[in-house]
Amino acid sequence: MQEIKAAVVVNPASANGKTGQKWPEMAAAFENEGLSFVYSLTEAPGHATEITARYLHEGYNLIISVGGDGTANEVINGFFTDGIDDAIRETRAFSFVSTGTGRDLSRTVGIPKDAGEAIRHIIDSPVRPVDAGRVQYINNQGYDEERYFINVAGLGLDGDTVARVNRTSKALGGFISFLWGTVVSLFLYKNQKMKIVVDGKEVCNEPITIVVVGNGCYFGGGMFVAPGAEMDDGLFDIIILRNLSKMNLLINLPRVYRGKHLSHPRIMSLRGKNIEITSSGKALLNLDGEQPGRAPASVELIPGVINLKG
């Protein structure tokens, strides 16, 4: 990568406002590590995407997200806005410092939590191309929408959980917030009949608890849901929990955190590039810890489209 010209996109509302409080200290840590940068604070949902696109057009070649997984998702989507083509993306890179509730992307990539350690890790790491996912779905206002993700997409119980967690204060931190949200959603959620087609082949048409499309490994505040996923192998890891009962899911929940759940007889694991999901009910969508809409959803892998530094 050429000389770093960095721009930082900061979500001050992340982690219940703690990111905004800590940002001056974090900025000093960045400077102490020798990183020269400009920065902008987000003001509303979707603003990080707009800021990222502007910085890319202005020639900044490293965009660093500071916030939660949702902020990182918005920044990734900035790489796919109008006027940002492959020629631009090939000369730009993405990285992040995770300060949010879930921190699932940082677990997948291995970027430290401490700001100083994280920025040193980012500076020292090579740039590598990684895959991204493109999802077409129905948004929460009832319209067709398209969005990109870099870590994990899912439908069913996880979408319901993310919607519930994002309505809370998250004051107890990522693990407890997502665990609480999962357990509450588990007792309220009803498995929904879904038809799942992978690379043109129907693999399920039955009540489903969760379908996960993993580009990365972790979701839900530390659940090791797709332990075999690699972000640069040109394939999604698709994990389908087929009509698990509430008690069965609750009993096996600790195994999901350890990545030991794939041997369960009602869990299907396969790999693919294109996934079509329809549902007889209102199956909610989870995209990198955000809940933007619902099924029907079409998920397509785009190989090597994002340069990741970290």
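Modeller: Let's start with β7, which gives the largest share of the lining of the largest cavity, 3 residues. Before going on, a word on the source: this is a predicted model, where local features need pLDDT of at least 70 and side-chain atom pairs count only at pLDDT 80 or more, while totals for chains, interfaces and linings use all residues. Residues are numbered from 1 along each chain as its sequence is written, and side-chain values use heavy atoms, with hydrogens and water left out.

Now the cavity itself. Rolling a probe the size of a water molecule over the atoms shows where empty space is left. Here a cavity is a set of points, on a 1 Å grid over the protein atoms alone, where a 1.4 Å probe fits but cannot get out, and lining residues have an atom within 4 Å of a point. Grid points are joined across faces, edges and corners, and a volume is the space filled by probe spheres set on the points. Searching the whole structure turns up 2 cavities of 30 Å³ or more, and the largest has a volume of about 40 Å³. Around it sit A153, G154, L155, V211, V213, I277, L285 and V299. β7 and β10 are the elements that give two or more residues to that lining. By class, the lining has 7 nonpolar, 1 polar and no charged residues (Ala, Val, Leu, Ile, Met, Phe, Trp, Tyr, Cys and Pro count as nonpolar, Asp, Glu, Lys and Arg as charged, and the others, Gly among them, as polar).

Strands (E, at least two residues) and helices (H or I, at least four) are DSSP runs, numbered from the N terminus, and two strands pair if DSSP finds at least two bridges between them. β7 runs antiparallel to β10 (residues 210–214), joined by 5 bridges, and V152 has G214 as its bridge partner there. β7 also pairs with β14 (residues 285–287), again antiparallel, over 3 bridges; in that pairing G154 stands opposite N286.

As for the second largest cavity, about 30 Å³ of space lies in it. Helix α9 (residues 246–258) gives the largest share of its lining, 3 residues. That lining has 5 nonpolar, 3 polar and no charged residues, including H261 and H264.

Conventions
1 Å grid on protein atoms, 1.4 Å probe; cavity = no way out; pocket = protein on both sides within 12 Å on 5 of 7 lines; lining within 4 Å.
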